[in-house]
Amino acid sequence: MEVVQVLHMNKGAGETSYAKNSKVQSKIISITKTVIEEAIIELLCKNLPESMGIADLGCSSGPNTLTVISEIIDIIYSKCSNLGCPTPELRICLNDLYSNDFNDVFGSLPAFYNKLKEEKGTDFGQCFITGVPGSFYGRLFPRKSMHFVHSSSSLHWLSQVPPGLDSKASTAINKGRIYISKISPQSVLDSYMLQFQKDFSLFLKSRSDEIAPGGCMVLSFTGRKSMDPTAIESCHQWELLAQALMNMVSEGLIPEEKVNTFNAPYYGPCAEELGLEVQKEGSFIMDRLEAFEIDWDGSVDMPNTINGTLSGGQRVAKTIRAVIESMLESHFGRDIMDDLFQRHADLVDKHLAKTRTKYTNLVIHLVRKG
């Protein structure tokens, strides 16, 4: 499975689209807004460039994409107003993989620009928004061209399935599972950790070349509090999905070999693993690293009128489907998707009836040395 080619959020505005099922991601953005604001204000107080490079990595499409950018612009505008100086020229780069629905993003820009003029006035500085397709596990921008880099709900995706666990492997070593689990061999855990270390190190090295000295990043993504990668907070959602797949295997709906040869290109790190990679790469100072929890369906303080009649399991399944269906479809085929996610929803409902499991999210503020 080529992650760069098959991983994208569900496009359009249908019932299974990411646009209609990204409440969890929206909640995460809302929670991390304070960290973003403090990072940008600190940056502007140290150095106010005439032209400011801003990037959102893993921008996806739908309402969350321009919400993040709008909030960043508001913070810059407010701080510059307080300082009594003009806002810098803003160069905003929206990045995601090649298969992202950039057409949806671009189609929403005219209304975004009009709203910006209405709210900020004609004296607001120039704002240039561009799309930059490509993997963030590598260079994306010219050297020292960026001042603030943001990424939300993206860096838990690896650049590839760890070697030896992809569909081309000669021997399936994680049978009946699609991610790390309590019964996975140690070699599976080691492969995932090594792939994370390789990817995150490359991510940091790439950004160190692109971010000007004193520039910074705010990154938030799914992780875990425990140092144990098999902890329930880290892998139980994948366990339930694997269980749904294996139920379909038992009914003869899909071959068992299909499940045995699928492993998710995902890793939820702990704070200690992140800190170690930042220290090893050496280009950034870790200003802060925090963890927070969020319900699987993102329901806390966020009423959902669209999905209000759905069970918790159905909301969770729709959220998961909007994110990973493209990967599953490329491996298992399109025909089983409705059945699979209905089974997944039922399993999640049973789980939530026993315990209210939450995602752990990590948010990290890194400042470029120099």
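This report describes the aromatic pairs, charges over rings and salt bridges of one predicted model.

Residues are numbered from 1 along each chain as its sequence is written, and side-chain values use heavy atoms, with hydrogens and water left out. As the model is predicted, local features need pLDDT of at least 70 and side-chain atom pairs count only at pLDDT 80 or more, while totals for chains, interfaces and linings use all residues.

**Aromatic rings**

Rings of Phe, Tyr and Trp (its six-membered ring) are paired if their centres lie within 6.5 Å, and planes under 30 degrees apart count as stacked, over 60 as edge-to-face and the rest as tilted. The count by this rule is 17 aromatic pairs. Tyr179 is buried at 1% relative accessibility, and Tyr192 is buried at 0%, where buried means under 20% relative accessible area, exposed over 50% and partly exposed in between (1.4 Å probe, protein chains only).

Ring pairs also join Phe136, Tyr137, Phe196, Phe200, Phe203, Phe221 and Tyr267 into a cluster. Arg207 lies over the face of Phe203, at 4.9 Å from the ring centre; a charge sits over a ring if NZ of Lys or CZ of Arg is within 6 Å of the ring centre and within 35 degrees of the ring normal.

**Salt bridges**

Side chains of opposite charge can pair when their charged atoms come close. With a salt bridge taken as a side-chain nitrogen of Lys or Arg within 4 Å of a carboxyl oxygen of Asp or Glu, the count comes to 23 salt bridges, including those in the table.

| Salt bridge | N to O distance |
|---|---|
| Lys46 and Glu42 | 3.3 Å |
| Arg139 and Asp209 | 3.8 Å |
| Asp295 and Lys358 | 2.4 Å |

Lys46 and Glu42 both lie in helix α2 (residues 23-46), four residues apart, which is about one turn of the helix. Lys46 is exposed at 59% relative accessible area, whereas Glu42 is partly exposed at 29%. Arg139 lies in the loop between β3 (127-133) and β4 and Asp209 in helix α6, so their pair ties together parts that are 70 residues apart in sequence.

Conventions:
Helices (H or I, at least four residues) and strands (E, at least two) are DSSP runs, numbered from the N terminus.
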